[in-house]
Amino acid sequence: MAIERTLSIIKPDAVEKNKIGAITALIEQAGLEVKAMRMTHLSKAQAEGFYAEHKGRGFFDELVEFMTRSPVVLMCLEGEGAISKYRATMGATDPAKAEEGTIRKAFGSNIGENACHGSDSPESAAREVSYFFPEIR
Ligand code: ADP
Ligand code: MG
């Protein structure tokens with residue numbers, strides 16, 4: 001498999017729980033390399049633009065409210081098959097359905113507050129990495 005880059009976000013719920021280090025450790029243990037990392041408090045416009053694909057869904061306003069309520073940690077991750085590898089490391093969207101040992105199983109609260117984001121395809125990874133890290137693409 002090719003070397004890929006993917007966008008990770010440690011979401012507000014996990015930052016509030018003081019789990020930045022624990023989640024980053026799971027990322028590193030999965031063999032993913034942190035190429036760029038920045039802590040920031042997303043604006044409403046940034047969160048809406050990032051999740052534009054979900055505009056019109058019932059949970060969109062709740063999602064934007066959640067993602068902007070406190071700081072997040074943005075990361076560009078790199079590795080062999082990084083996109084699918086990181087999705088597997090995160091676990092299912094709903095933490096209750098996530099496998100043991102995954103980030104969402106360990107640190108997610110519910111389907112909305114699920115600790116982390118990871119790009120779901122090469123196309124979204126390219127868009128998402130350049131959305132937050134324009135300098136590295
Ligand atoms: P994933 O983050 O696993 O790619 P989606 O792209 O489907 O999942 O959804 C984006 C984010 O929107 C989820 O990670 C979660 O924070 C939120 N979300 C998804 N579905 C729901 C829902 N039914 N209710 C509330 N929030 C949701
Ligand atoms: Mg998604």
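**Reading the ligand site**

Tutor: Ligand 1 sits in the largest pocket. Please keep in mind that the model is predicted.

Student: Which residues surround ligand 1?

Tutor: A residue belongs to such a shell if one of its heavy atoms lies within 4 Å of the molecule. Here the shell of ligand 1 consists of Lys11, His54, Phe59, Glu62, Leu63, Arg87, Thr93, Arg104, Ile111, Gly112 and Asn114. Sorted by class, these comprise four charged, four polar and three nonpolar residues.

Student: Where do oxygen atoms of ligand 1 meet polar atoms of side chains or backbone?

Tutor: A polar contact is a pair of N or O atoms within 3.5 Å. An oxygen of ligand 1 lies 2.5 Å from a side-chain N or O atom of Thr93, and for the side chain of Arg87 the corresponding distance is 2.9 Å.

Student: How many salt bridges does the structure hold?

Tutor: A salt bridge pairs a side-chain nitrogen of Lys or Arg with a carboxyl oxygen of Asp or Glu within 4 Å. The structure holds six. One of them joins the side chains of Arg5 and Glu78, with an N to O distance of 2.8 Å.

Student: Which parts of the chain does this pair link?

Tutor: Distant ones: Arg5 belongs to strand 1 (residues 3-10) and Glu78 to strand 3 (residues 72-80), 73 residues apart.

Note on methods. Residues numbered from 1 in each chain as written. Chains lettered and ligands numbered in written order. Predicted model: local features only at pLDDT ≥ 70, side-chain atom pairs only at ≥ 80, totals over all residues. Heavy atoms only, no water. Polar contact = N/O pair within 3.5 Å; in protein donor to acceptor, adjacent residues only side chain to side chain. 1 Å grid on protein atoms, 1.4 Å probe; cavity = no way out; pocket = protein on both sides within 12 Å on 5 of 7 lines; lining within 4 Å. Sits in = over half its atoms within 2 Å of the grid points. Nonpolar A, V, L, I, M, F, W, Y, C, P; charged D, E, K, R; others polar. Helix = DSSP H or I, 4+ residues; strand = E, 2+ residues; numbered from the N terminus.
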